[in-house]
Each structure stands twice: as C-alpha cells, then as structure tokens.
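Please look through the sequence and the model before reading on.

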Amino acid sequence: MARGNEDVWIIIPVYNEEKVIADVLENVLQTFPNVVCVDDGSSDASAQQILGTRAHLVRHPINLGQGAALQTGLRYALGRTGSSYFVTFDADGQHRVEDVLTMLDLARSGKADVVLGSRFLTSAETVPWIKRVVLRTVVALSPTARRLKLTDAHNGLRLFTRGPAEALRISQNGMAHASEIATALARSSWRVAECPVTVLYTEYSRAKGQSLINGVNILFDVSMSRRGR
Amino acid sequence: MKLLIQAVLLAAVLGFLIVFVRGQHGARMRASKRLAFIAFLFLNAFAVLQPEATSWVAKHIFGVGRGADLLLYALIVAFVFAVLSLYLRLQSSEQRTTELVRTVAIRDAEILNRDRGLLPAPTLLAPTEPPA
C-alpha cells in the first residue's frame, strides 16, 4: 500500500460491471486507499463484488444514470475529512492508475485546479478510428470545448481539487454530463489543464462503450438543457 | 386574410419558445393557464350551441377555409404546449427524485461503510473522555 495518497479520493460510477469491477478495484486500491464506488442500481452482483474489497460502497436504490452517480460519489468524498483531490474513474478498466499519478503530480504542483485526461494529446494510436472521428466531431461542435482548447471532452478520467469539486453541480443524470462539466469549467475561472492519458480499449470496454448513436443522444440532451434554463 | 392566421400561429410558436426558454412556473403562470382553460371551456360550450359560428369565425376573422381547419390548427398549438409543459414538469420531478435518492444513498452508505470499518465512529455520539 502506497503512502501519501490519503487525501485523494477515486470516484467510480458502477452499473452492471460484476465481471471486471473487483479486478479494477484491486488494482486501484494498491495505489489509492480511498476509493468510493457508486453502484447505480445495478441488477447484477456488482455490489457484492465491491463489498469484497476495501472500497467504499454507495448504492443508488434506483438507476439514475452516470452523471447522477458521479455527483453522488463526489458528495460522499467531499464529506470525508482530509479529502483534497477527487478523481473520476471508469469502472470497466479502461483507465490506468499511472495516468492518475501523472495528473495528480500536475495538480499537486499547483499549476492547475482541474486536470482532464485526453486521449489525443500525444499519439492516438490505441483509439479506434471511428471513435476518433466521432469524438473529434463532438469537440468541434462544442463551443465550450473550443474555448478551453480541449482536445477530448468526453474522457471519463478527470481530477478536481476541492474548490472546483465543491462548485460542481451535475444536473444531467445521463451521458450528457461530460459536456455539462466542460461548459461549467469554461464559464468558471478555474485553471483547467489537460494531461495525455492512455485508454485501454479492451474487448469488454469496447462492447460497453459509447456508440455513434449515443453521440446523437448527447447532442440532443445538451441542446435541450440549454433551452431549459 | 391568410396573413392573420399565419400571424396568430407564429405568435403562438413564439410564445411557446419564450415560455420554454424562461421555464418559469410562478403563480402568475399557473393563474394564466387556468384562466385560459376556463376561457377554452366557455368557447367549447359556445361552439356546441352554435356550430356554424366556428366556420364564421374561421372564414371572416382568421381567413381559414372551414371551422374544422381552425380547430385542427388550434389543437396542434395546444398539443405542443401540453407536451412542452409536461416535459418541463418531468424534468423538475426527475431532479427532485435524484436529490432524494442521493441523500438516502449517502446516509445509508455512511452507516454501511462505518460497519465495514472504513469510516471512523461518529465523534458526536461518543462518550466524552474521562478526566485524567
């Protein structure tokens, strides 16, 4: 168990991930002692898998969506004494702990309040080409992503220091929360940095990942939410 | 004459847009919705008693061919309005549910994770230390 990361909380939204979640947690807990999993009303044995580890478990009694799960995990972590850094992490094993450490170094150096992982800062070799096209299009169509000069608005790997974490209000329960977070950051005065990360596209994550069709849903949710305000 | 019905329908669409953008559900909004509903009932009764009147209004006031056409246009406008206001209401209802679920989930989780030994016992309820 590594020392010195007691002020870091890893927030993992979980929805029907019984096959991989225990391995992912085992791996993360070796470096970070504080992990909170938000089980978003899974119908499988995800919760039992989490209970077998040293990770904290928060259970939504009903399924609300990934955005809602992130906000719940964030609030739980904010309520723990001594928490200063908050990392959102995917449950399907596509993110690497090494990347979190790099992002943490950047935040600890005081150069940024928010660090976002990007798949495109260096080589984008591991990203399937169709995904590359879709994600780049989303970025090009999103005015906020352009203003922040973001290269990757839909990466689940993000690090917040306490200030921006407390200010964050994710109201989009579904998948549109990524665009919502980008918009909120663009409107705020927090210093946002991007950090190159590697996303491991396994057979499992590929099957569960966002499709082109989901991109249409995200664009619709985002435009409706702007109208509603 | 055709211009008038176009103006009325466009004004209705514009009205919905404004309502949708502002998304307010104040007392004034509710009151005006109810007044509109009462006016609608009275017009209904009038149309039942004087069926030809709708055609007259359609032709001479709005410049629409028949009363039935006017009803169809009005129905579409009313339908869009109903859908939008339901959508807004569903959205705010979802937000409330989320808040409730989140509060319950975190409260339960604090008890659960304390029992698993991951969280310290509550300091407020612990007995004070005996004097040395």
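1. In this predicted model, Ile11(A) has the following contacts once its neighbours within four places in sequence are left aside: Val36(A), Leu70(A), Gly73(A), Leu74(A), Ala77(A), Phe86(A), Val87(A), Thr88(A) and Phe89(A).

2. Ile11(A) also belongs to the largest nonpolar core, which has 58 residues, and Ile11(A) is named together with Ile10(A) and Val36(A) as having the most contacts inside that core. In soluble globular proteins, nonpolar side chains tend to be buried together.

3. Val36(A) leads on to the strands, as its bridge partner in S3(A) is His56(A). Strand S2 (residues 35-39) of chain A and S3(A) run parallel and are joined by four bridges.

4. These strands are part of an open sheet of seven strands in chain A, ordered S3-S2-S1-S4-S6-S5-S7, with mixed pairing. At its edges lie S3 and strand S7 (192-196) of chain A, each of which pairs on one side only.

5. Where the two chains meet, 19 residues of chain A are in contact with 18 residues of chain B. Strand S3 (56-59) and helix H3 (66-78) of chain A each supply at least two residues of the side of chain A that touches chain B, and H3(A) gives the most to that side, with five residues. By class, that side has seven nonpolar, seven polar and five charged residues.

6. Is helix H2 (residues 27-49) of chain B largely in the open or buried? Of its 23 residues, the number buried is zero, so H2(B) lies largely in the open. From its first C-alpha to its last, H2(B) reaches 34 Å, close to the 33 Å expected at 1.5 Å a residue.

Key:
Residues are numbered from 1 along each chain as its sequence is written. Chains are lettered from A and ligands numbered from 1 in the order in which they are written. This is a predicted model: local features need pLDDT of at least 70, side-chain atom pairs count only at pLDDT 80 or more; totals for chains, interfaces and linings use all residues. Two residues are in contact if their C-beta atoms, placed from the backbone, lie within 7 Å. Ala, Val, Leu, Ile, Met, Phe, Trp, Tyr, Cys and Pro count as nonpolar, Asp, Glu, Lys and Arg as charged, and the others, Gly among them, as polar. A nonpolar core is a set of buried Ala, Val, Leu, Ile, Met, Phe, Trp, Tyr and Cys residues joined through C-beta atoms within 7 Å. A residue is buried if 20 or more other C-beta atoms lie within 10 Å of its own, exposed if 12 or fewer, and partly exposed in between; C-beta atoms are placed from the backbone. The expected span of a helix is 1.5 Å times one less than its number of residues. Two strands pair if DSSP finds at least two bridges between them.
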